[in-house]
Amino acid sequence: MNQIIINEEKCVGCSLCVDDCPNSCLRMEKGKAKFTKPVCIECGHCCAICPQGAIRMSEYPCEEEPVVPMTVLDSHTLLSALRSRRTIRRFTSQPVEEEKVRKILEAGRYSPTGGNFQGVSFTILGSRQAEAEAICVDIFRNGDKLGAGPAAFLKQIDVRITDNFFFKGAPLVLAVSGADEVNPALASSYMEIMAESLGLGVLYSGFFCECARISEGLRELLELPRGHKVVTCMVIGYPSVKYRRIVPRKALKAKTL
Ligand SMILES: Cc1cc2nc3c(=O)[nH]c(=O)nc-3n(C[C@H](O)[C@H](O)[C@H](O)COP(=O)(O)O)c2cc1C
């Protein structure tokens, strides 16, 4: 089990870590911080707040990188970029560079998770992408295993299920899974913004998630951790389309009680 290790020589007794711990796992004893409670969510706030660098977590590597506050991002530019984001369904065949893939995954790794559970898994389809898409195409062409919602929607849009209906020829497909839905969804949103900032486009394939729900074969192919379900499937690549204006949206529904 992870331990919070406090270097007594470095600790100057400022109590910042004690005051900031969300679960009161630390307290002051004889002018030094002490880790007293084993029920710790391993959020790392104590390490992050210590001005002396006196705290580390036994099961986690130390992050030596300097903190960069989000305030470095200009909020006006950020909002304009968020409003300009579009789902991308047409991609070039240009592969996504390893470095960019790493940055996307790192953005997902640092998304918040309830209770700091960090139970989100990221599966790059890689060498199994074509096989996975073929399974999905088969399910959709067949149709009878689909849930009522997707089946009705497909009928309504009356679309042809081409061989690349799911991944649109994109070079990178990432299934994000977890035991719950909220944490993988949050991670996906972080990753989408990172991907966009790298000049990439993203399509969330809810259709793929539906196939993963239905098909045990597909779940086996994905080698999901036990108890996980696919919450999002992110289809990623360089866009071969350019959108020139921000789309209309319904009026904001928000209220203050
Ligand atoms: C959870 C989720 C699942 C989606 N699944 C699909 C899908 O399977 N196929 C598809 O073409 N678009 C899919 N989309 C894209 C939506 O259709 C798209 O977000 C919506 O039309 C609004 O367009 P915009 O993202 O460009 O603003 C999905 C979007 C989300 C958020």
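Strands here are DSSP runs of E with at least two residues, helices are runs of H or I with at least four, and both are numbered from the N terminus. Within this pair, M28 stands opposite A33 in β3, and in the hairpin, which has two residues between its strands, K30 takes a positive phi near 50°.

## Basis of the model

The model is predicted, so that local features need pLDDT of at least 70 and side-chain atom pairs count only at pLDDT 80 or more, whereas totals for chains, interfaces and linings use all residues. Residues are numbered from 1 along each chain as its sequence is written.

## The chain as a whole

The protein chain contains nine helices and eight strands, and its C-alpha trace spans about 70 × 45 × 40 Å along the principal axes. Of its 257 residues, 26% are buried, meaning that 20 or more other C-beta atoms, placed from the backbone, lie within 10 Å of the residue's own. Among contacts between residues at least 6 apart in sequence, 75% join residues at least 24 apart, a contact being a pair of residues whose C-beta atoms, placed from the backbone, lie within 7 Å.

The chain is divided into domain 1 (4-57) and domain 2 (71-237), with bounds that come from an automatic or database domain assignment. Taken over C-alpha atoms, the centres of domain 1 and domain 2 are separated by 38 Å.

## Helix α7 and its surroundings

Helix α7 (residues 182-197) has 16 residues and reaches 23 Å from its first C-alpha to its last, close to the expected 22 Å, a span defined as 1.5 Å times one less than the number of residues. The buried residues of α7 are N183, P184, A187, S188, M191, E192 and A195, and their cover includes α4 (98-109), β6 (172-178), β7 (201-204) and β8 (229-237). After α7 comes G199, whose phi is positive, near 85°.

## Packing of α5 against α8

Helix α5 (residues 129-142) and helix α8 (residues 206-214) pack at an angle of about 85°, with their axes 10 Å apart; the axes are lines fitted to C-alpha atoms over the stretch in contact, and angles run from 0 to 180 degrees between N-to-C directions. The two helices are therefore roughly perpendicular to each other, a class that covers 65 to 115 degrees. I135, C136, I139 and F140 of α5 make the contact with F207, F208, C211 and I214 of α8.

How values were computed:
Two strands pair if DSSP finds at least two bridges between them. A residue is buried if 20 or more other C-beta atoms lie within 10 Å of its own, exposed if 12 or fewer, and partly exposed in between; C-beta atoms are placed from the backbone. Two residues are in contact if their C-beta atoms, placed from the backbone, lie within 7 Å. Angles under 35 degrees count as roughly parallel, over 145 as roughly antiparallel, 65 to 115 as roughly perpendicular and the rest as oblique.
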